[in-house]
Amino acid sequence: MTIGKMENVEVFTSEGKGRGLKATKEFWASDVIFAERAYSAVVFDSLVNFVCHTCFKRQEKLHHCGQCKFARYCDRTCQKDAWVDHKKECLAVKRYGKVPNENIRLAARIMWRVEREGTGLTEGCLVSVDDLQNHVENFGEEEQKQLRVDVDTFLQYWLPQSQQFSMQYISHIFGVINCNGFTLSDQRGLQAVGVGIFPNLGLVNHDCWPNCTVIFNNGKIELRALGKISEGEELTVSYIDFLNVSEERKKQLKKQYYFDCTCEHCQKGLKDDLFLGVKDDPKPSQDVVKEIIQFSKDTLEKIDKARSEGLYHEVVKLCRECLEKQDSVFADTNIYMLRVLSIVSEVLSYLQAFEEASYYARRMVDGYVKLYHPNNAQLGMAVMRAGLTNWHAGNIEAMRMQTEMELRLFHQNEFMYRKMREAALNNQPMQVMAEPSSEPAPSLFHKKQ
């Protein structure tokens with residue numbers, strides 16, 4: 001395997017993890033460690049008509065390709081920039097007669113680039129696509145079945161005049177997408193709109209309490225430091241949301257990414273007591289706690305169903321009933337309570353019940369600040385959203401407290417603060433809040449469900 005060179009980082013063998021990246025100089029909070037353009041990327045199936053296929057910005061009006069009628073662009077500039085990647089795709093869509101799913105489209109774009117440039121290192125890459133992990137050998141029965149379906153569909157879609165790759169290589173590319181697909185967000189940073197492969201980012205290992213974060217900015221990902229990073233220190237990001245007990249995070253990582261997390265937070269169960277926190281006075285019995293946890297799980301399933309059907313008043317009713325039972329048992333950091341508070345504050349904002357929404361949003365943020373890293377993007381977004389809700393509610397005291405919190409964020413990490421505030425404010429309608437989404441906030445890596 002050939003390893004490329006890059007300023008600021010180097011590839012090394014991380015104990016128990018395989019390859020990783022470490023810093024070759026000291027970094028401070030918000031420093032850009034490296035920036036990288038996607039090797040290949042595509043828009044999600046559900047958004048192909050609403051998001052530019054080149055810059056991934058969501059637009060009201062998009063121009064479509066005059067040949068295949070599928071690809072959408074902001075303007076002629078984006079269309080021209082896309083032609084090198086879209087040329088073969090355009091022919092394939094017309095020949096196939098329909099548009100395949102995002103995984104097929106991404107695999108094809110990757111292999112058309114390999115066809116053009118070869119399998120070696122591309123400029124600015126530490127590792128080639130060929131050398132990225134695919135974990136096909138770890139696939140379960142259902143994943144193997146889906147892989148066979150994807151490969152079969154790919155072969156029907158692939159142009160016969162293009163270079164013909166082996167079944168093993170095609171399977172490798174699908175495995176790479178499954179393990180290394182990075183979620184691309186829109187210009188607001190609030191909605192996941194596509195998936196791409198970034199070879200350098202694929203070398204960064206996971207930690208539940210990482211020292212780096214990833215931002216999608218003007219067509220590139222930026223790996224930025226969350227705090228001080230010493231020369232020689234391993235660079236890490238979190239593949240999943242931290243807001244869960246260590247055992248559940250470990251199960252999720254094992255199922256989705258095929259490794260056992262050995263980070264300090266998982267080994268020591270740090271903050272697990274807060275995630276499952278209960279009231280101290282009076283302290284509820286274990287039986288009562290188990291009963292309310294099960295009630296919360298059952299109610300969250302009902303909430304998800306009502307939410308997916310657009311029954312928002314039913315969602316609010318279920319949330320209120322659940323919180324009424326939780327309030328006498330759970331502490332303000334309990335994950336089951338925080339999940340309900342997050343949903344009800346968002347839905348009430350959409351329904352323009354801003355006073356009640358701001359109350360629940362404040363409670364949610366109060367819990368989050370005790371759990372998340374102070375520079376965590378999820379915390380920052382929650383703070384910004386709570387601020388918008390308080391603004392709509394005209395809650396002056398809450399806005400004062402909000403301003404103090406934002407100032408703390410600003411002093412801790414000015415860059416992260418500005419990015420989060422810009423994202424939140426760009427999503428701020430003057431009269432009605434955005435319709436609640438049944439999908440979670442964008443996660444770092446894209447996993448096909």
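Of the 449 residues in the protein chain, 52% are buried, meaning under 20% relative accessible area with a 1.4 Å probe, protein chains only. This is a predicted model, where local features need pLDDT of at least 70, side-chain atom pairs count only at pLDDT 80 or more, and totals for chains, interfaces and linings use all residues. Residues are numbered from 1 along each chain as its sequence is written, and side-chain values use heavy atoms, with hydrogens and water left out.

The chain has 14 helices and twelve strands. Those are DSSP runs, numbered from the N terminus: H or I of at least four residues for helices, E of at least two for strands.

Now contacts, meaning heavy atoms within 4.5 Å. Take those in the protein chain with a separation of 6 or more: 69% join residues 24 or more positions apart.

On to helix α10. It spans residues 335-350, 16 residues in total. From first C-alpha to last, α10 reaches 23 Å, close to the 22 Å expected at 1.5 Å a residue. That expected span is 1.5 Å times one less than the number of residues.

Is α10 mostly covered or mostly open? Mostly covered: twelve of its 16 residues are buried. Among them are I335, Y336, M337 and L338. What do the buried residues of α10 pack against? The partners are α7 (272-275), α8 (286-308), α9 (312-326), α11 (354-368) and α12 (377-393).

Last, the two ends. At the start of α10, a side-chain oxygen of N334 comes to within 2.9 Å of the backbone nitrogen of Y336. After α10 comes Q352, with a positive phi near 65°.

Note on methods
Buried < 20%, exposed > 50% of the residue type's maximum accessible area, 1.4 Å probe, protein only. Polar contact = N/O pair within 3.5 Å; in protein donor to acceptor, adjacent residues only side chain to side chain.
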